[in-house]
Every structure is written in C-alpha cells, then in structure tokens.
Amino acid sequence: MFHRNIKLILVALILVAAVWQFTESNIGNGIFLIILSLVPLFLYFRNEYILLAFLQLRKQNFDGAKKWLSKISNPETALVQKQQGYYNYLQGLMLSQTNLLQAEKFFKKAIELGLNMDMDLAVAKLNLAGVAMSRRRKLEATNLIAEVKKLDKQGMLKDQIAMMKEQMKKI
C-alpha cells in the first residue's frame, strides 16, 4: 500500500507525462494519461483496501474483511481523516461480534474522526448504545438512541431502535 502523498505525486507525474505527450502532438496518449491519472486520485480519497473490506462485509464475509483491513499497516499515515474514521468503523463492526469493549473504542474513534454518511454514523451510534446498555448505562444509551433516530432518515434502523427500547425497559 502506498502512502497517501505518494498517490498525489503519482498523479502529478502522470499529468506531466500527459502534457509532454500533448506537446509532442500525441493527443490520444495525452488524453489516455489524463484519464489514467484519475485512478490514483480516486484511490487517494477512497482507499482500495477499505473498499475491498466493505465489499467483503456486503457478502457477510467477516474473515475476508479482516484480511483486507489487516493490510493497512499504519492507518494514521496511509489514510486521510475520513478514511481513518471508516477504518475504525469497520474494525468496530468486526469486533462487535466478539469483543464489545474493544468495539466501543473503535466506534468512538470513528465518530470522532468523522463518517461521510449519516447511515454509517447512525449504525456506529446504535452499536455504542448497545454497548452502553450492556454496561447498564441507561441514560447514555437513551441519548444515543435519540441521536440514531435523528440520523436514520430512511427508517432503516426502525426495528433495531424499537428492539433496543424494549430491552432498555428491562434494565
């Protein structure tokens, strides 16, 4: 995996080669190189390993997603801030199956770093509410569920929110 700044340097070098091709009257090669420079530019904003981990999660393959996330050796230098948020979000989703205490740390860090989509933020906060509920922190869980309701504009988490509220009545 390349450092995030190396991707930008690669884009600059490809664009310099495209300009050179234009000056040499090789218009087709120049256009191709400009289009080719969009690939590392896209991968600067959307990390390839995080995209592959999301693809594995979509297939419910947690082991495959862990494998792709483990290829990111140093997330602080290799990823931009939003990507670090999604890295922590995915790590939290993986650990929520086995270790809730570690998953809580990852979800909190993901929320702190920021997530692009409201739905992802809602899922992270819903998981945090579940952790708070399991640790008998009813007030924190109630506040998190209220935030999840505001973020869930399409109503996709309505059943999970109702189930959480029912479980909170038992505490």
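Colleague: At what angle do α6 and helix α7 (residues 100-113) pack?
Modeller: This is a predicted model. In it, the axes of α6 and α7 lie 8 Å apart. The angle at which the two helices pack is about 160°.

Colleague: Which term describes how α6 and α7 are set to each other?
Modeller: α6 and α7 pack at about 160°. Angles over 145 degrees count as roughly antiparallel. The two helices are therefore roughly antiparallel.

Colleague: Is the crossing of α6 and α7 left-handed or right-handed, and how many nonpolar residues does the contact have?
Modeller: α6 passes α7 in a left-handed crossing. On the α6 side the contact includes Gln81, Tyr89 and Leu93, and these meet residues of α7, among them Phe106, Phe107 and Lys109. By class, the contact has seven polar residues and one charged residue, and the nonpolar ones number nine.

Colleague: Why are helix α6 (residues 81-95) and helix α8 (residues 118-134) called oblique?
Modeller: Their axes are 11 Å apart, at an angle of about 45°.

Colleague: Which residues of α8 make the contact with α6?
Modeller: The crossing of α6 and α8 is left-handed. From α6 the contact takes Tyr86, Tyr89 and Leu93. The residues of this contact divide into five nonpolar, one polar and one charged. On the α8 side they are Asp120, Val123, Ala124 and Asn127.

Colleague: How many charged residues are in the contact of α7 with α8?
Modeller: α7 and α8 pack at about 145°, with axes 10 Å apart, and their crossing is left-handed. The contact includes Glu104 and Lys108 of α7 and Lys125 of α8. Seven of the contact residues are nonpolar and two are polar, while the charged ones number three.

Colleague: Which residues are closest to the centre of the largest pocket?
Modeller: The largest pocket holds about 1100 Å³ of space. It is lined by 35 residues. Tyr89 and Leu93 of α6 and Asp120 and Val123 of α8 are in the contact between those helices. The residues closest to the pocket centre are Phe54, Tyr89, Leu93, Asp120 and Val123.

Colleague: Which element gives the most to the lining of the largest pocket?
Modeller: The elements giving two or more residues are α3 (48-58), α6, α8 and α10 (158-170). By class, the lining has 20 nonpolar, 11 polar and four charged residues. With seven residues, the element that gives the most is α8.

Methods. Residues are numbered from 1 along each chain as its sequence is written. This is a predicted model: local features need pLDDT of at least 70, side-chain atom pairs count only at pLDDT 80 or more; totals for chains, interfaces and linings use all residues. Side-chain values use heavy atoms; hydrogens and water are left out. Axes are lines fitted to C-alpha atoms, for helices over the stretch in contact, and angles run from 0 to 180 degrees between N-to-C directions. Helices (H or I, at least four residues) and strands (E, at least two) are DSSP runs, numbered from the N terminus. A crossing is left-handed if the near helix is turned anticlockwise from the far one by less than a right angle, and right-handed if clockwise. Contact means heavy atoms within 4.5 Å. Ala, Val, Leu, Ile, Met, Phe, Trp, Tyr, Cys and Pro count as nonpolar, Asp, Glu, Lys and Arg as charged, and the others, Gly among them, as polar. On a 1 Å grid over the protein atoms alone, a cavity is a set of points where a 1.4 Å probe fits but cannot get out, and a pocket is an open set with protein on both sides within 12 Å along at least five of seven lines; lining residues have an atom within 4 Å of a point. Grid points are joined across faces, edges and corners, and a volume is the space filled by probe spheres set on the points. Angles under 35 degrees count as roughly parallel, over 145 as roughly antiparallel, 65 to 115 as roughly perpendicular and the rest as oblique.
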